[in-house]
Amino acid sequence: IRLNSSLNHGPQKTSQVLQSPSSLFYRSGSLIQKVLIPLLEQECLSMVPPPDGLRALAQIYFDKVYPIFPVVNESTIHSDQLLKPERTILQQGICLAASKNHVAEPYLVLGDANFSCREFGEKISGAMRMMIEMGLLTNKVVLIQALALLSQFTDDPPGEDLSSQ
C-alpha cells in the first residue's frame, strides 16, 4: 500500500476557512485569527504517525476494518482532488480505526512517543475534532467519512454528541 505522507496538496488559506459560519472561530478577533488559529491548524495537521507507521496502520485498516466498515477506500486517499486538511483527516481516521486492532500497537507513534490505544485515539480524535470544529473541511463527503471513522472511537458519554453527528 502506498499512502502519501506528503501533505502539500493544494493551499488551504486559513482566512478562507474563517469566513465560513461553520468555523468555531467565525468572526473571531484579529489576535485569534493571526496567532491562535494558524498554531492550532499546524498542530492538527501534524498529528499523524511517521510514514512507516502510517503505511502500517493503513494496511491494518484496509485488511481488517475496510472489509467490515468500508468508509474510505484506497483510491480516495490517493486522489489528487483532496486538499491537505481533507487528506490529513482521512489519514487520521484510518489510523484511529486501525488503532483498535491489537496488531497496531507497535505503530501507535506520534512524534517521538509511543502511546497506548486509548492515548493514541484521544490525541488523533482530538485533532480530528478540532479540524472539524475549525471548519477546515470544505468537502462534505470527506466530513461525513471523517465523522463516521471518528464515531468508532468516541464511545464514552462525553463523545456521544459528536458521535451522533
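Contact, in what follows, means heavy atoms within 4.5 Å. Helices (H or I, at least four residues) and strands (E, at least two) are DSSP runs, numbered from the N terminus.

Two remarks on the source. This is a predicted model, so local features need pLDDT of at least 70 and side-chain atom pairs count only at pLDDT 80 or more, while totals for chains, interfaces and linings use all residues. Residues are numbered from 1 along each chain as its sequence is written, and side-chain values use heavy atoms, with hydrogens and water left out.

The overall picture, then. The chain has 8 helices and 2 strands, and from the N terminus the order is α-α-α-α-α-β-β-α-α-α. Of the 165 residues, 46% are buried, buried being under 20% relative accessible area with a 1.4 Å probe, protein chains only. Among contacts between residues at least 6 apart in sequence, 70% join residues at least 24 apart.

Now the packing. Two packed helices are described by the angle between their axes and the distance between the axes. Axes here are lines fitted to C-alpha atoms, for helices over the stretch in contact, and angles run from 0 to 180 degrees between N-to-C directions.

Take H3, residues 51-65, and H5, residues 84-99: their axes come within 8 Å and cross at roughly 65 degrees. That makes H3 roughly perpendicular to H5, a label covering 65 to 115 degrees. From H3, Leu-54, Leu-57, Ala-58, Ile-60, Tyr-61, Phe-62 and Val-65 meet Gln-91, Ile-94, Cys-95, Ala-97 and Ala-98 of H5. By class, this contact has 11 nonpolar, 1 polar and no charged residues. Nonpolar covers Ala, Val, Leu, Ile, Met, Phe, Trp, Tyr, Cys and Pro; charged covers Asp, Glu, Lys and Arg; the others, Gly among them, are polar.

What does H5 do with H6, residues 117-133? Their axes come within 10 Å and cross at roughly 155 degrees. H5 is therefore roughly antiparallel to H6, the term for angles over 145 degrees. On the H5 side the contact includes Pro-85, Thr-88, Ile-89 and Cys-95; on the H6 side, Phe-120, Ile-124 and Met-128 are among the residues. The classes here are 11 nonpolar, 6 polar and no charged.

Last, Pro-85, which sits in helix H5. Is Pro-85 buried or exposed? Pro-85 counts as buried, because its relative accessibility is 1%. Its C-alpha atom is separated by 6.4 Å from that of Leu-136, 51 residues apart along the chain.

Conventions:
Angles under 35 degrees count as roughly parallel, over 145 as roughly antiparallel, 65 to 115 as roughly perpendicular and the rest as oblique. Buried means under 20% relative accessible area, exposed over 50%, partly exposed in between (1.4 Å probe, protein chains only).
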